Amino acid sequence: RIGAKHPIVLAPMLAHTTPRLCAAAANAGVVAFEGAGQLGKDVLVSRIRETQAMLNAGAVFGVNLFVPSGFYTDPSSWTEPQAAAVEVARERYEGYLSELSGEAAGTAAPSLSREEHQAVFSGQVDALLETGVKLVSFHFGWPDAAEAGRLREAGATLQGCATTVEEARWLVDQGADAIIAQGAEAGGHRGTFIDAQDYRRGLVEVVPLVRGIADAVDVPVIAAGGIMRGGDIRAVLEAGASAAQLGTAFLSCPECGTSAMHREALLGYGGEGRDASDPLPTVVTLGYTGKPARGLQTDRALRMADLEGALPNCFNGMLAGRTLQAAALKQGRKDAAYL
């Protein structure tokens with residue numbers, strides 16, 4: 001129905017997917033997604049137009065949006081242990097920043113309010129309408145009816161990400177045209193949004209998750225998570241998926257925005273002295289950004305491991321994470337980075 005040549009989707013990977021990568025993938029017959037994250041309207045319009053200028057006729061390109069209600073929680077709703085864990089995490093990250101810079105770390109910028117995040121999201125919807133994007137996916141739930149309605153009225157196809165059968169059914173009830181079944185193997189942020197604090201219940205391997213969701217809903221299912229080879233694609237299609245979404249498989253492409261340090265870690269199995277028989281393991285943790293995400297198990301993850309069960313599941317519970325990531329990338333410190 002979307003019209004792509006191949007049943008393959010380029011996953012939206014904020015800071016990695018670039019206009020060049022999206023255009024190259026879409027022109028090769030893949031459905032290519034740009035990740036909007038928390039980009040402002042003007043920046044997003046610029047990136048979309050840059051991509052569209054490189055697309056061939058018939059190429060399929062879409063944009064993924066983060067739903068604010070799924071990544072922000074009001075600090076007044078945190079329990080005392082959660083608030084205490086946020087403070088400990090802040091102190092540790094600021095100490096880590098001091099180690100990297102040799103200077104006292106400044107206080108992380110305050111989080112936007114829920115209303116400010118919603119305003120950014122509305123601006124992103126404006127960007128999609130202004131640029132004529134007709135394929136949109138959502139992470140961390142589903143937008144309010146007004147925003148979804150604006151996209152629907154413009155003729156957009158809307159997709160939602162589910163980590164459980166329950167979430168898939170709920171998304172279809174909201175009007176999702178397709179479901180992205182995010183298996184436990186997936187890199188990046190988990191899309192769990194129902195009982196998100198207990199996100200580990202949504203760590204279901206991709207093949208059984210696809211089977212369960214395909215049996216439960218009557219819309220196409222797109223499989224995501226650990227899909228790297230043709231055999232992996234075949235397995236999820238046989239399980240009931242209409243397409244396979246790949247992210248990590250594209251990270252080493254020359255068009256990708258992956259840092260040199262990250263490429264080295266990926267191609268070197270995570271670090272010096274490691275090989276295919278002993279790669280650096282990956283871990284799903286709140287300790288990178290405040291939202292559960294899978295990445296290489298660097299020292300940064302290990303330093304936060306004891307807070308895993310106490311932190312609230314939200315970006316605004318880990319405000320120093322973005323600052324630390326920028327510092328780690330600048331200095332080439334794999335141990336301090338989220339990769």
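Let me begin with F140, which is buried, at a relative accessible area of 1%. The model I am presenting is a predicted one. F140 sits in the loop that runs between strand 4 (135-139) and helix 6 (145-153). Although F140 is not a glycine, its phi is positive, at about 75 degrees. As background, most residues other than glycine have a negative phi.

A second residue belongs in this part of the discussion. D195, also not a glycine, has a positive phi near 50 degrees. Its location is the loop between strand 7 (188-189) and helix 8 (206-216). Is D195 buried or exposed? With a relative accessibility of 54%, D195 counts as exposed, because the cut-off for that class is over 50%. F140, by contrast, is buried at 1%.

I turn now to V9, in strand 1 (residues 8-10). V9 has a relative accessibility of 4% and therefore counts as buried, the limit being under 20%. Which residues does V9 touch, leaving aside those up to four places away in sequence? They are V30, V31, F33, I222, A243, A244, Q245 and L246. V9 and A241 are separated by 232 residues in sequence, while their C-alpha atoms are 12 Å apart in space.

Finally, helix 4, which covers residues 80-101 and has 22 residues. From its first C-alpha to its last, helix 4 reaches 32 Å, close to the 32 Å expected at 1.5 Å a residue. The buried residues of helix 4 are Q82, A85, V86, A89, Y93, E94, Y96, L97 and L100. Against what do these buried residues of helix 4 pack? Their partners are helix 11 (299-304) and helix 12 (321-331).

Terms used:
Residues are numbered from 1 along each chain as its sequence is written. This is a predicted model: local features need pLDDT of at least 70, side-chain atom pairs count only at pLDDT 80 or more; totals for chains, interfaces and linings use all residues. Side-chain values use heavy atoms; hydrogens and water are left out. Helices (H or I, at least four residues) and strands (E, at least two) are DSSP runs, numbered from the N terminus. The expected span of a helix is 1.5 Å times one less than its number of residues. Buried means under 20% relative accessible area, exposed over 50%, partly exposed in between (1.4 Å probe, protein chains only). Contact means heavy atoms within 4.5 Å.
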